[in-house]
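Visitor: I would like to go through this model with you, starting with the strands. Could you open the structure?

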Amino acid sequence: MADVTDGGPILIFDGVCNICAFGVGIVLRNDRRGVYRFAFAQGKVGGALKKRFGLPDGDLENVTLVEGGRCYTKSTAALRVLARLPFPWRLGLVFWIVPRPLRDVLYSLVARNRYRWFGQKDACLMPPPDVRQRFLDPP
């Protein structure tokens, strides 16, 4: 059986977070080649991948990107995703000039307050039928 990471980059996200769902929607609309696949942090695949890379069990505050056998979190994960998206999203790459510790402090501030500022869903995002195959563990 093939390793799930052999099929290209996987974006692991909090399935009930509204800002996370918004970000996934941006990727789905702009990733024209269908490079990215998705896993819910609350799901079996997302949880297993986080565990494989030594990330805390149940960690929902960090978007995680598994790509090329490596794992990226927080602002680095987000910027790596932006790097594959078209204009205007690539403009966000200007934040690479900000030192990672500072980027991650700002990222963590938003992550800690995301439910209060942006709300949350009652259940994980239901992927639309036309992209459901890109979700590794659909609800």
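Visitor: What stands opposite isoleucine 10?
Guide: Isoleucine 10 faces valine 66, a residue of β3. Helices (H or I, at least four residues) and strands (E, at least two) are DSSP runs numbered from the N terminus. The model is a predicted one, in which local features need pLDDT of at least 70 and side-chain atom pairs count only at pLDDT 80 or more, while totals for chains, interfaces and linings use all residues. Residues are numbered from 1 along each chain as its sequence is written, and side-chain values use heavy atoms, with hydrogens and water left out.

Visitor: How many bridges join β1 to β3?
Guide: Strand β1 (residues 10-13) and strand β3 (residues 64-67) run antiparallel and are joined by 3 bridges. Two strands count as paired if DSSP finds at least two bridges between them.

Visitor: What is the strand order in the sheet?
Guide: The order is β2-β1-β3-β4, an open sheet of 4 strands with mixed pairing. Each of β2 (37-40) and β4 (70-73) has a single partner strand and stands at an edge, so one side of each lacks a neighbour in the sheet. On average, neighbouring strands are turned by 25° against each other, direction ignored.

Visitor: Which strands does α3 touch?
Guide: Helix α3 packs on the sheet and touches β1, β3 and β4, and its direction makes about 105° with that of β4. Contact means heavy atoms within 4.5 Å. Axes are lines fitted to C-alpha atoms, for helices over the stretch in contact, and angles run from 0 to 180 degrees between N-to-C directions.

Visitor: Which residues of α3 are buried, and what covers them?
Guide: The buried residues of α3 are Ser75, Thr76, Ala77, Leu79, Val81 and Leu82. Their cover includes β1, α1 (18-30), β3, β4 and α4. Buried means under 20% relative accessible area, exposed over 50%, and partly exposed in between (1.4 Å probe, protein chains only).

Visitor: And lysine 74, buried or partly exposed?
Guide: Lysine 74 counts as partly exposed, at 23% relative accessibility. This residue lies in helix α3 and has a positive phi of about 50° although it is not a glycine.

Visitor: Where does phenylalanine 95 lie, and what does it contact?
Guide: Phenylalanine 95 is in the loop between α3 (74-82) and α4 (100-118). Leaving aside neighbours within four places in sequence, phenylalanine 95 is in contact with Leu79 and Arg103.

Visitor: Now the charged residues. How many salt bridges does the count come to?
Guide: The count comes to 5 salt bridges, a salt bridge being a side-chain nitrogen of Lys or Arg within 4 Å of a carboxyl oxygen of Asp or Glu. One of them pairs arginine 114 with aspartate 14, with the closest N and O atoms 2.9 Å apart. The two partners are 100 residues apart, arginine 114 in helix α4 and aspartate 14 in the loop between β1 and α1.

Visitor: Are those two buried or exposed?
Guide: Arginine 114 is buried, with a relative accessible area of 6%, and aspartate 14 is buried at 2%.

Visitor: What about arginine 134 and its partner?
Guide: Arginine 134 forms a salt bridge with aspartate 31, with the closest N and O atoms 2.5 Å apart. Arginine 134 lies in the segment after α4 and aspartate 31 in the loop between α1 and β2, so the pair ties together parts 103 residues apart in sequence. Both arginine 134 and aspartate 31 are buried.

Visitor: Which residue does aspartate 104 meet in a salt bridge?
Guide: Aspartate 104 meets arginine 100, at 3.5 Å from N to O. They are separated by about one helical turn, because they are 4 residues apart in helix α4. Aspartate 104 is buried, with a relative accessible area of 12%, whereas arginine 100 is partly exposed at 47%.

Visitor: Which residues are joined into one network?
Guide: Glu67, Arg80 and Arg84 are joined by salt bridges that share partners. Glutamate 67 lies in strand β3 and is buried, with a relative accessible area of 10%.
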